[in-house]
Amino acid sequence: VIKCKAAVMWEAKKPFSIEDVEVAPPKADEVRIKIVATGICRSDDHVVTGALLMPFPIILGHEAAGVVESVGEAVTSVKPGDKVIPLFSPQCGKCSSCLNTKGNLCSSNDLGSGAGFMPDGTTRFTCKGKAIHHFLGTSTFSEYTVVHESAVARIDSAAPLEKVCLIGCGFSTGYGAAIQTAKVEPGSTCAIFGVGGVGLSVVMGCKAAGASRIIAVDVNNNKFAKAKELGATDCVNPKDFNKPIHEVLIEMTGEGVDYSFEVVGCTDTMTAALACCHYNYGVSVIVGVPPSAKNLTFDPMLLFTGRTWKGSVFGGWKSKDSVPKLVDDYMKKKFVLEPLITHTLPFSKINEGFDLL
């Protein structure tokens, strides 16, 4: 058992508490990782605010990079000392999604159930004598964590962990939504609702795919300079108009965009993103995590005329296969990660990090 520090969330809407926790050794098919760097993602914050329902107490965090400390029996894909990225979207290689070329959401994920346990139904974390839940099978807000072998990818030993940790969620999710899920084509027009870290990664994906017009939509004008730096051609703030934003975008483009992306996790922006894409062949992708207990209300004519509405988890990438390749692409300078990082803080200041987010 390793004793270390972790940021424990005892209940919703309260600050993280840095606690001494015990991390059990890995069981068969499990890997214990020393976390070196972790990003703060809005999906973690959704649990804090209660928008995404998870059991408490819990150790959040799912976008990270670290070094393998030890492995359980029968683990063959990684060994102690390997640099790795934990995978909140695992890849078992055996379920229908893993076996299908069109799928990437492995059935062993904890996104749908939100049970907060390892695949065997137990936890590896204890604090003050209490069992602490896992988050999406990763729980990276801890100096050490335990993941299933299907939820870890070995990466280039030269990769800077404080940068490539973003490939564990934010960057891959946005970039892949454009390249993998939407399959944006050269010369197309795109609109991205929400240009935080994930939205900016969508912008980069649209640019890499050759889109001729990339419209960033956000209610925060301070985000537009970076969006333009990374490839946005237009920036639109819905607050500047007296009409619905989808009407503004249709006027700007003639008959709507070819591809739209909702990267907020808000039902109003989801329907607006659908409505702004071309009435017949437009494709709209939901990238932001939808809030629990909220339903969409929309005019079915929006779909009847031919639009496609899609969801995208982890950018459509098969995680164990794709993460090492994405790290290699970063090392070859095929894309940048640095502009996505606004602040770097010590682990003890995690609450300040969430305030900054």
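In strand S6, Val-84 is the bridge partner of Gly-66. That contact belongs to the pairing of S5 with S6 (residues 83-86), which run antiparallel and are joined by 2 bridges. Two strands count as paired if DSSP finds at least two bridges between them. Helices and strands here are DSSP runs, helices being H or I with at least four residues and strands E with at least two, numbered from the N terminus.

This is a predicted model, in which local features need pLDDT of at least 70 and side-chain atom pairs count only at pLDDT 80 or more, while totals for chains, interfaces and linings use all residues. Residues are numbered from 1 along each chain as its sequence is written, and side-chain values use heavy atoms, with hydrogens and water left out.

Back to S5. Strand S5 (residues 64-71) also pairs with strand S3 (residues 30-38), antiparallel, over 7 bridges. Val-31 has its bridge partner in S5, namely Val-71.

A parallel case next. Strand S14 (residues 259-262) and S15 run parallel, joined by 4 bridges. Glu-262 has Ile-286 as its bridge partner in S15. In strand S15 (residues 283-286), Val-283 and Val-285 point one way, Ser-284 and Ile-286 the other, and all are buried. Buried means under 20% relative accessible area, exposed means over 50%, and partly exposed is in between, with a 1.4 Å probe and protein chains only.

Now the aromatic rings. How many aromatic pairs does a search of the whole structure find? The search finds 9. Rings of Phe, Tyr and Trp (its six-membered ring) pair if their centres lie within 6.5 Å; planes under 30 degrees apart are stacked, over 60 edge-to-face, and the rest tilted. Phe-16 and Phe-354 have ring centres 4.7 Å apart and planes at 40 degrees, so this pair is tilted. Phe-16 sits in the loop between strand S1 (2-9) and strand S2 (17-23), and Phe-354 in helix H11 (residues 350-356), so the pair ties together parts 338 residues apart in sequence. Phe-16 is buried at a relative accessible area of 7%, and Phe-354 is buried at 11%.

The rings of Tyr-175 and Phe-335 are also a tilted pair, because their centres are 5.4 Å apart and their planes at 50 degrees. This pair links distant parts of the chain, with Tyr-175 in helix H4 (residues 170-182) and Phe-335 in the loop between helix H10 (319-331) and H11, 160 residues apart. Tyr-175 is buried, at 10% relative accessible area. Phe-171, Tyr-175, Tyr-330 and Phe-335 form one aromatic cluster.

On to the second largest pocket. Its space is about 270 Å³. Of its 15 lining residues, the closest to the centre are Thr-101, Lys-102, Gln-180, Lys-183 and Gly-316. Where does the second largest pocket lie? Domain 1 (2-170 + 316-356) and domain 2 (182-311) both give residues to the lining, so the pocket lies between them. Domain bounds come from an automatic or database domain assignment. A pocket is an open set of points on a 1 Å grid over the protein atoms alone, with protein on both sides within 12 Å along at least five of seven lines, and lining residues have an atom within 4 Å of a point. Volume is the space filled by probe spheres set on the points, which are joined across faces, edges and corners.

Last, the backbone. A cis peptide bond joins Phe-56 and Pro-57, with omega about -10 degrees. Lys-13 is not a glycine, yet has a positive phi of about 60 degrees. Lys-13 is exposed, at 67% relative accessible area.

Key. 1 Å grid on protein atoms, 1.4 Å probe; cavity = no way out; pocket = protein on both sides within 12 Å on 5 of 7 lines; lining within 4 Å.
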